[in-house]
Amino acid sequence: MASFSCALVLFLVSLSVASAQLSSTFYDSSCPGALSTINSMVNSAVSNEYRMGASLLRLHFHDCFVQGCDGSVLLDDTSTFTGEKTAFPNVNSLRGFEVVDKIKAQLETLCNQTVSCADILAVAARDSVVALGGPSWTVQLGRRDSTTASLSGANSDLPAPTLDLSALISAFSKKGLTTTEMIALSGAHTIGQAQCKVFRNRIYNETNINPTFANNTQQNCPSSGGDSNLSPLDVSTNTVFDNYYYKNLVNQKGLLHSDQQLYNGGSADSQVSSYASNMASFFTDFASAMVSMGGISPLTGSSGEIRTNCRKTN
């Protein structure tokens with residue numbers, strides 16, 4: 001009898017471990033049209049505005065780094081609840097919520113309360129990269145949505161654009177990501193834009209910067225005022241997902257302090273040089289790193305919920 005009980009416990013433990021694993025086929029029977037629906041809606045949004053591709057990719061990143069990939073970044077504040085949207089790295093900066101709302105509404109029509117908001121973010125990030133010419137990867141699915149969010153977590157865990165290399169390595173390491181993965185994921189800055197307030201100090205006060213690049217960038221980012229004026233993170237090809245981000249770093253044209261830290265006489269220089277000369281290598285490593293990032297502390301099994309509206313709990 002004791003051996004039977006022991007076997008039963010082992011079986012239940014193995015079952016719970018198995019249920020916690022994400023799977024690329026998670027919606028194949030429960031919502032077979034899910035991935036194609038997300039794909040077509042992301043393609044439409046990105047073709048309407050190229051910058052949206054970067055915004056959707058960033059949503060997934062900012063979700064995963066706070067409480068894991070659980071859709072917490074999408075929750076709106078209420079009178080009794082403060083979410084992550086007003087955290088310093090997110091406020092007046094994160095975009096793409098309306099696109100996620102549209103995708104969710106379509107999926108609710110297709111298969112009610114089946115596809116999580118966290119999974120929408122993961123798939124939309126991949127489809128955005130592909131839409132702008134970047135690599136594809138197999139997205140692991142089966143995340144569930146949190147019923148909580150963390151303003152303090154967003155303020156403390158999201159890497160700031162002012163970080164030095166050692167602090168960047170530490171911030172990613174805390175999430176289980178290697179230095180190699182950190183450098184590859186930073187290549188997401190080959191698309192998108194940043195606000196003047198986050199790079200002003202670099203273009204006016206730092207010395208490891210191309211003088212012409214600094215001067216040109218200053219034209220749209222005065223020494224005071226114009227805080228929300230935008231400049232491309234990749235000055236060369238900011239609407240194409242390629243390896244010019246790394247080529248720019250080699251030429252001291254990183255827009256953010258944290259960008260140029262990856263090529264500043266330190267331990268990351270060789271990997272940046274490799275990506276600058278070999279786009280295929282960058283694409284392979286980026287795709288692999290995105291799978292790793294997408295696997296940070298997901299809610300699975302009976303944890304969390306499947307929100308019907310990504311902005312609020314059920």
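I started with G225, which is partly exposed at a relative accessible area of 39%; I take buried as under 20%, exposed as over 50% and partly exposed as in between, with a 1.4 Å probe and protein chains only. This is a predicted model, where local features need pLDDT of at least 70, side-chain atom pairs count only at pLDDT 80 or more, and totals for chains, interfaces and linings use all residues. Residues are numbered from 1 along each chain as its sequence is written, and side-chain values use heavy atoms, without hydrogens or water.

G225 sits in the loop between α10 (211-218) and β2 (230-232). Helices (H or I, at least four residues) and strands (E, at least two) are DSSP runs, numbered from the N terminus. I looked up its contacts (heavy atoms within 4.5 Å): G225 touches C196 and R200, leaving out residues up to four places away in sequence. From the C-alpha of G225 to that of N215, 10 residues apart along the chain, I get 17 Å.

Next, helix α7 (residues 165-173): its buried residues are L165, L168, A171 and F172. They line one face of the helix, because they fall within an arc of 125° seen down the axis of α7; the arc uses directions from the helix axis to the C-beta atoms. These buried residues pack against α3 (51-64), α8 (179-186) and α12 (257-260).

Last, H189. UniProt lists H189 under "binding site" in an unreviewed entry; positions follow the numbering used here, feature names are shortened, and annotations may be inferred rather than shown by experiment. I found H189 in the loop between α8 and β1 (193-195), partly exposed at 24% relative accessible area. Setting aside neighbours within four places in sequence, H189 contacts L233, D234, Y245, L256 and D259.
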